[in-house]
Amino acid sequence: MKACVRDTALALAAVSTAVSLTACGSGAGNTSGAGSARKIGVLLPESTTARWETQDRPLLEQRIRQLCGDCTIEYANAKGDVAIQQEQMDSSIANGVDAIVLTAVDARAMGASVGKAAAAHIPVIAYDRLAEGPISGYVSFDGQEVGRLQGRALLTAMGAKAHGGRIVMMNGDPGDPNALSFKQGALSELRGKVTIAKEYDTPQWSTEAANRNMSGAIAALGAGSINGVYAANDGLAAGSIAALKANKVSPLPPVTGQDAELAAVRRIVSGDQYMTVYKPFGPEAAAGGAMAVAAARGQRLDGVATRRVKTRSGAEVPAVLLTPVPVTLATIKNTLVKDGAYTLEQICTPPLADDCHKAGLA
């Protein structure tokens, strides 16, 4: 755990330094228009997952304005609809934006739209999800490491049942390339140790779909025969846990998660959810905003990027990949609270007072 936090701190320091250099105009390349007003499109995928509207949007907008006081931000949320996001991309291109920050609803389906932007000489920064097409840069977390952290934690929580026990896998949206990375990472830890009794993909990361699928798994497997639940994010964890409770499953099997949503942290305190994965959104948005501003000014993105990644086409693009951090009941204080993500008052609501006291969070 200490190693993960240390690695994250080092990565964040590197990003912070690179962002500062970009803000000072140190990027190479064409900077002749650096002093003129620029327009940057920010296109996010959906509002079902809390992070997009409560974390990523305000943090991205804040960072862009910090680095480019006269930049105009054109924001849109696709509400989980590929056709709507394609229209939003077309609108951004028609409006003559200078750069686009894109979190694709469906990475493959948005490839043609990315191509249209490139044809119009508009750089696209793939944010959090590696969109297909000729993107100019990429900012995200190491998706396979997220899955590995979830898989390891689930095995730890299952104890003796980690050898031969039965689990349900509640994977993410098949159109999201991150969901595949999470799954691959998790399977690298789980395969050969537990039995995957039921497995589901979840379009649009729908909490309701996870709830229905978990109810179906319980009906097929039996209420007492599920020893663990791999849920790829906190929304899927919420839907799965609600179904387990509705079907009188007690005690609840350990359930994983991701995104460190406040509701999930409270479920960890209450014992309903075993863990989540914390991805500090501030550094991700800082890097994404810096890349967008640099791209809009015609500057090289290597001033922000810390590495390069291959896209599906085989091209290499500048990238920032940050390190995720696992969070369990024992580490809430030293991760989320220490970083200022949440206060103890936010986590420890009156109904959780006793649980917080037992956990040393009061």
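Two strands count as paired if DSSP finds at least two bridges between them. Strands (E, at least two residues) and helices (H or I, at least four) are DSSP runs, numbered from the N terminus.

This is a predicted model, in which local features need pLDDT of at least 70, side-chain atom pairs count only at pLDDT 80 or more, and totals for chains, interfaces and linings use all residues. Residues are numbered from 1 along each chain as its sequence is written, and side-chain values use heavy atoms, without hydrogens and water.

**Stop one: the parallel sheet.** Select β6, β7 and β8. They form an open sheet of three strands, ordered β7-β6-β8, with parallel pairing. β7 (195–200) and β8 (228–231) each have a single partner strand, so one side of each lacks a neighbour in the sheet. Neighbouring strands are turned by 20° against each other on average, direction ignored. (Axes are lines fitted to C-alpha atoms, for helices over the stretch in contact; angles run from 0 to 180 degrees between N-to-C directions.)

Now take β6, residues 166–170. Five bridges join β6 to β7. Pick Ile167: its bridge partner in β7 is Ile196.

**Stop two: the helices.** Contact here means heavy atoms within 4.5 Å. Show α5, residues 143–158. Helix α5 packs on the sheet, touching β6 and β8, and its direction makes about 165° with that of β8. Next, α6, residues 177–190. Helix α6 lies across β6, β7 and β8, at about 170° to β6.

**Stop three: the hairpin.** Move to β10 (307–310) and β11 (316–322). Four bridges join these antiparallel strands. Arg308 stands opposite Pro318 in β11. Five residues lie between the strands, and Gly314 takes a positive phi near 100° in this hairpin.
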